[in-house]
Amino acid sequence: MRPRERAIREQLKMIADICRDSGVACLMNGDVENRDQALKLAEQYGTNGGMIAVAAEANSSCFRSEADGGLAPWEEVVHQYMKFCLDTENRFGNTKYLLNHLIPGKEPVYRAVQQSKNYQQLCEHLNHKALLEQAIDVDEKIGISDKQVEEHKLKQAQAKAEAKAVRKKRKNTEDDGGEQKKSRSLEDPADSSSLGEVENAPLSELKSEMAISA
């Protein structure tokens, strides 16, 4: 069964009977959206219970029965989730990742949350005023406050500028070295011409010169 297919339950009752006769628990999985539905399906097919996955990622209040209030609005779930994250000083990247699942993509605040750099910005965008002070404190503790983020950006920019300056200096040094070599070769044409004359001189003349020198 693929995620794009609906749950196949035609043989679920038979499987549940076999499991029960063998003393094995049977839990159904697939397209179970809330607690009440899970209990109803368990009774219908004779299973011991059901598992909720996709629906739980979108809204964890799906485990709450209708008698206890049922499915909560995403705003309520997100507020409670943010409180848990701040209380535990949760890793910001993980918090932000899960918020992308909890907040419907069509909501105006969705994009703002995606662009947030710390807990303070999240609370401001989500209008969680009661959590703002705690968010600022947590940001300071884990090193992602607005000031710390700006300092980090500045250090990155400085490091980038320094690296660029080093590369430019190295290139200029290499260029100067090449120019100096070229200049020396142009300044000593006699040496090169003398060498050429020696190389091109007849062997007899070279022997004579060597004899005279001796």
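**Figure 1. Confidence along the protein chain is lowest in helix α10 (residues 189-200), at a mean of 54, and highest in α7, at 97.** These values are pLDDT, the predictor's confidence in each residue on a scale from 0 to 100. The structure is a predicted model, in which local features need a pLDDT of at least 70 and side-chain atom pairs count only at 80 or more, whereas totals for chains, interfaces and linings use all residues. Residues are numbered from 1 along each chain as its sequence is written, and side-chain values use heavy atoms, with hydrogens and water left out. The protein chain averages a pLDDT of 85, and 81% of its residues score at least 70. Where pLDDT is low, the predicted coordinates should not be read in detail.

**Figure 2. The protein chain holds 11 helices and two strands.** Both kinds of element are DSSP runs numbered from the N terminus, with helices (H or I) of at least four residues and strands (E) of at least two. Followed along the sequence, the elements of the protein chain give the pattern α-β-α-β-α-α-α-α-α-α-α-α-α. Of the 214 residues in the protein chain, 26% count as buried, a word that stands for under 20% relative accessible area, while exposed stands for over 50% and partly exposed for the range in between (1.4 Å probe, protein chains only). When contacts (heavy atoms within 4.5 Å) between residues at least 6 apart in sequence are considered, 42% of them join residues at least 24 apart.

**Figure 3. Helix α5 carries the buried residues F92, T95, K96, L99 and L102.** Viewed down the axis of α5, these buried residues fall within an arc of 115 degrees, so they line one face of the helix; the arc is that of the directions from the helix axis to the C-beta atoms. An α-helix has 3.6 residues a turn, so residues three or four places apart point the same way. The cover over the buried residues of α5 includes α3, α4 (74-88), α6 (109-114) and α7.

**Figure 4. F92 and Y119 in an aromatic pair.** Rings of Phe, Tyr and Trp (its six-membered ring) pair if their centres lie within 6.5 Å, and planes under 30 degrees apart count as stacked, over 60 as edge-to-face and the rest as tilted. By this rule the count comes to one aromatic pair. F92 and Y119 make up this edge-to-face pair, with 5.2 Å from centre to centre and 85 degrees between the planes. The pair links distant parts of the chain, since F92 belongs to helix α5 (residues 92-102) and Y119 to helix α7 (residues 119-126), 27 residues apart. F92 is buried because its relative accessible area is 12%, and Y119 counts as buried because its relative accessibility is 0%.

**Figure 5. The largest nonpolar core has 23 residues, of which V78, M82, L99, I103 and Y119 touch the most other members.** A nonpolar core is a set of buried Ala, Val, Leu, Ile, Met, Phe, Trp, Tyr and Cys residues joined through side-chain atoms within 4.5 Å. At least two residues of this core come from each of α4, α5, α6, α7 and α8 (129-142), and α4 gives the most, with seven residues. V78, not counting residues up to four places away in sequence, touches L99, L102, I103, L126 and H128. Apart from this core lies another, of 13 residues, among them M28, V32, A38 and C62.

Figure 6. Q121 counts as buried because its relative accessibility is 19%. Leaving out residues up to four places away in sequence, Q121 touches Q115, S116 and D146.

**Figure 7. I52 in the loop between β2 (49-51) and α3 (54-58).** I52 counts as buried because its relative accessibility is 14%. Although I52 and E33 are 19 residues apart along the chain, their C-alpha atoms are separated by 6.3 Å. Besides neighbours within four places in sequence, I52 is in contact with V32, E33, N34, R35, C62 and F63.

**Figure 8. E89 and N127, two loop residues with a positive phi.** Most residues other than glycine have a negative phi. E89, in the loop between α4 and α5, has a positive phi of about 50 degrees although it is not a glycine. E89 is partly exposed, with a relative accessible area of 34%. N127, in the loop between α7 and α8, has a phi near 60 degrees, and N127 is exposed, with a relative accessible area of 52%.
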